[in-house]
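Have a look at the sequence and the model first, and then we'll trace who pairs with whom.

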Amino acid sequence: ALSKQDSRTYSLPTEAQWEYACRAGTETPFSFGATISTDQANYHGHYIYGPGKKGKNREKPLPVGTMRPNAWGLYDMHGNLSEWCADIYGPYGSDAVSDPTGLTEGREYVVRGGSWRSYPGACRSAFRSNGSGGSNNIGLRIVCAISTKSKESKDAK
């Protein structure tokens with residue numbers, strides 16, 4: 001419906017798109033490094049990941065942008081609300097694939113990022129879960145496709 005109103009293409013990110021955006025060029029468990037703290041993300045801070053320390057358990061989501069963004073300027077990729085992806089949840093295939101897409105049939109969608117009530121391991125860039133219904137800890141992030149044609153190539157026509 002949004003795409004029809006605005007004449008641009010909007011969608012949920014694929015699982016691969018979501019992880020790429022979350023990592024922001026990093027290879028560590030979190031875009032912030034090897035561990036995470038409640039100063040960086042909103043999760044159940046009574047639990048720790050690796051050499052991390054216990055932190056706050058806020059027991060609710062925070063307004064978007066309360067925590068600092070990742071290196072690409074994206075907020076709340078770790079914690080706050082888990083996020084629906086466009087892919088159906090299921091096992092990965094055995095072949096290595098660039099930009100994979102999920103299953104085409106199923107009842108549960110991929111959920112990424114962890115939430116305010118997740119333990120920190122569920123907030124890792126690579127962590128994936130599944131969901132089939134509404135919850136007070138799942139939200140969404142919308143992707144807007146942009147044209148790859150430059151203004152110069154349009155002017156040349």
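Let's start with a term: a residue is called buried when its relative accessible area is under 20%, exposed when that is over 50%, and partly exposed in between (1.4 Å probe, protein chains only). R112 is buried, with a relative accessible area of 1%. Bear in mind that this is a predicted model, where local features need pLDDT of at least 70 and side-chain atom pairs count only at pLDDT 80 or more, while totals for chains, interfaces and linings use all residues. Residues are numbered from 1 along each chain as its sequence is written, and side-chain values use heavy atoms, leaving out hydrogens and water.

Now for the pairs. A salt bridge here is a side-chain nitrogen of Lys or Arg within 4 Å of a carboxyl oxygen of Asp or Glu, and by this rule there are 6 salt bridges. One of them joins E15 and R112, at 2.9 Å from N to O. E15 sits in helix α2 (residues 15–23) and R112 in strand β3 (residues 109–112), so this pair ties together parts 97 residues apart in sequence. (Helices are DSSP runs of H or I with at least four residues, strands are runs of E with at least two, and both are numbered from the N terminus.)

E15 counts as buried too, at 6% relative accessibility. E15 also meets R128 in a salt bridge, at 2.6 Å from N to O. R128 belongs to strand β4 (residues 128–131) and E15 to helix α2, so the two tie together parts 113 residues apart in sequence. Like E15, R128 is buried.

Back at R112, its side chain also forms a salt bridge with E19, at 2.7 Å from N to O. That links strand β3 to helix α2 across 93 residues, and both R112 and E19 are buried. Through shared partners, salt bridges join E15, E19, R23, R112 and R128 into one network.
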